[in-house]
Amino acid sequence: MAQLVFNLSSFSSTGITLGNGSAFTATLKTTATAPTNVNVTSGTLYLSDIRTYTGNAYLSFYMNGVQLQTANFPNKSTTHEETVALSGLTNTVLNTANGSLTFTVRLSSGTTDSFRMIAGLIGKITLEYAPALSACEPPTACSLNATIAETAVILSWSGAKAGSSNAIIGYEIQSSESADGGSWGNWQPLTTITSTATSGTLSVDPPTALGNYRRFQLRTLGAAGETYYSGWKTSSNSVRRNIPPTAPTVFTASPEVYVTASVTLNWSGTVAGTSAIQRYVIQQSESTDGAAWGSWETTATVNSSATSGTYQSYPSTVNGMYTRYRISVMDALSAVSGYVISNTVRKDPYAPPPVLTAPKDGSATYNNQPRFLIRVENPGGSAQTVYVQTASGAWHNSVDDADHFSVGGTFASPGVTVYRHDSLEPGTYTIVVQFRSALGSVGMSATRTMTVAASHFEEIVAGVTRVKASHILALRSAANTARDYYGLPAYTWTSVVVAGITQIRDWPYHILELRAALEGVVEKINGFDSANNAFDVPASAFDWVALGVGRPRADVARQLQSLLSIL
């Protein structure tokens, strides 16, 4: 406890005699530096050279006009000393503006001339004092920087004040939670921080439970102890634990088997949480068999606040490859929902180009309803329809125009079919053959240029036209034209036919060679689609007539001409 000593420096007169109710005043001075704004806890008055003449005297002591204590002085006839405890000084504010105190002694009871002070009066007051304490004040403002959060937010406050002789040493913070923002639980200790500032900030967490609220209160701590802490200041707002959005309930990719470069993704049923929807994240995964899937890779981020949407995505371009998608939604606080997986889509596996066995490119035929020999080697795992672009530019297909095909319908496995064209005028034509899936994917095309040749055979009339070397040569040329159309090598004739030189007796051998050359073509045609004979060369066409003897017969030559016109 601190002490301050005041010494008597003057009094009103020497040899003061106090009568009943009378008083004298003295001034005490000190050279010490007295503190301001303190509470005096106790004081002692010491006086010497006091003389009383009659009976007991009861004296009241005043300091700066405030009564301090009443003391009983016994009857004494000699000079003596007196010490008086001034307990009344407690909680008296010490005024040291001029470094002096004035005290007054008043006789409160006793007889006249019962108390006398003589010259040489010595006096002093010893004061013990403590600071005059007051509590700190709480902040005037306290708030959070966000009301919905996924992670920590900032609690800030300002306007706190220290108390009298009670410096700020820190802040105590508590929190309270609510499920609905209206009914609050008890305050729970959160933390205590050390600080001498009148404002501050603190990182605080939202509640753990999704959707719950948390508010805060704090008080200012003072150096004088808990008795002098401030009251509590409650935050003006609360923070709610963010509820993440819910992923769409419907998420589809279409078409399930695609031909074009893109597929359409559609979603709906998204439910926003406590924060607004901000974007969707779309990922995709691929598989060669629809069972073992690759890793997910982000394919798009769609900025949208809507609960439904659509997006054009570009899945695998590899034929037969499977692709699936998944989608999640993110809110404005970057909280992410779970993923929802779409159905699977597959790239339509169109077939490689067809194998066009006939006609050979650049070849010719005497048949005005030419055949195209088409081989389906590998449909690619998806049923394929054969399309033939006719000479007119129109398309015939094996489903809608099955009467033009030896095997109609679609092809899901390797096979063959023979296409027969409508009747054509002589001329050169370009034909295109391709496979198309039921979904419309188009495979690579096989293109051929071919000529329908006008007949250059001389009419042979029995009994009128003599079959001669020119007829044989024309038949030989036509036979090799037919063989070339079907991709067969030219027939090698055993002898040269020269008009006027070749012997008549040799003509059966020439006819037999022609028949052999054409039989190879018939075998190629009829053997190509052995299971179906719709477009076969009829057996009657090569049921050879008898050769006979002598000169070449007209019917033998006409049979060869007729056969060439239907190969």
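Me: What makes strand β35 (residues 427-437) largely enclosed in this predicted model?

Reply: Of the 11 residues of β35, 8 are buried, so the rest of the structure largely encloses this strand. Buried here means a relative accessible area under 20%.

Me: How do you know that β31 (residues 384-389) and β35 pair?

Reply: Two strands pair if at least two bridges are found between them. β31 and β35 are joined by 6 bridges and run antiparallel, so they count as paired. Within this pairing, valine 386 has phenylalanine 435 of β35 as its bridge partner.

Me: What makes β36 (residues 446-452) a partner of β35?

Reply: The antiparallel pairing of β35 with β36 extends over 7 bridges, and the requirement is at least two.

Me: How do you know that the charged end of arginine 436 sits over the ring of tyrosine 387?

Reply: The charged end lies 4.0 Å from the centre of the tyrosine 387 ring. The distance limit is 6 Å, and the charge must also be within 35 degrees of the ring normal. Arginine 436 also lies over the face of tryptophan 395, where the distance to the ring centre is 4.7 Å.

Me: Why is the pair of tyrosine 485 and tyrosine 486 called edge-to-face?

Reply: The structure holds 7 aromatic pairs. In the pair of tyrosine 485 and tyrosine 486, the centres are 4.9 Å apart and the planes make an angle of 75°. Elsewhere, ring pairs link Phe372, Phe405 and Tyr419 into a cluster.

Me: Are tyrosine 485 and tyrosine 486 buried or exposed, and how do you know?

Reply: Tyrosine 485 has a relative accessible area of 0%, and tyrosine 486 has 1%. Buried means under 20%, so both tyrosines are buried.

Me: Why are β11 (141-144) and β16 (200-204) said to stand at the edges of their sheet?

Reply: This open, antiparallel sheet has 3 strands in the order β11-β13-β16. β11 and β16 each have a single partner strand, so one side of each is left without a neighbour in the sheet. On average, neighbouring strands of this sheet are turned by 15° against each other, direction ignored.

Me: What makes β11 and β13 (residues 153-158) a pair?

Reply: They pair in the antiparallel sense over 4 bridges, and at least two are needed. Cysteine 142 has tryptophan 157 in β13 as its bridge partner.

Note on methods. Residues are numbered from 1 along each chain as its sequence is written. This is a predicted model: local features need pLDDT of at least 70, side-chain atom pairs count only at pLDDT 80 or more; totals for chains, interfaces and linings use all residues. Side-chain values use heavy atoms; hydrogens and water are left out. Rings of Phe, Tyr and Trp (its six-membered ring) pair if their centres lie within 6.5 Å; planes under 30 degrees apart count as stacked, over 60 as edge-to-face and the rest as tilted. Buried means under 20% relative accessible area, exposed over 50%, partly exposed in between (1.4 Å probe, protein chains only). Helices (H or I, at least four residues) and strands (E, at least two) are DSSP runs, numbered from the N terminus. Axes are lines fitted to C-alpha atoms, for helices over the stretch in contact, and angles run from 0 to 180 degrees between N-to-C directions.
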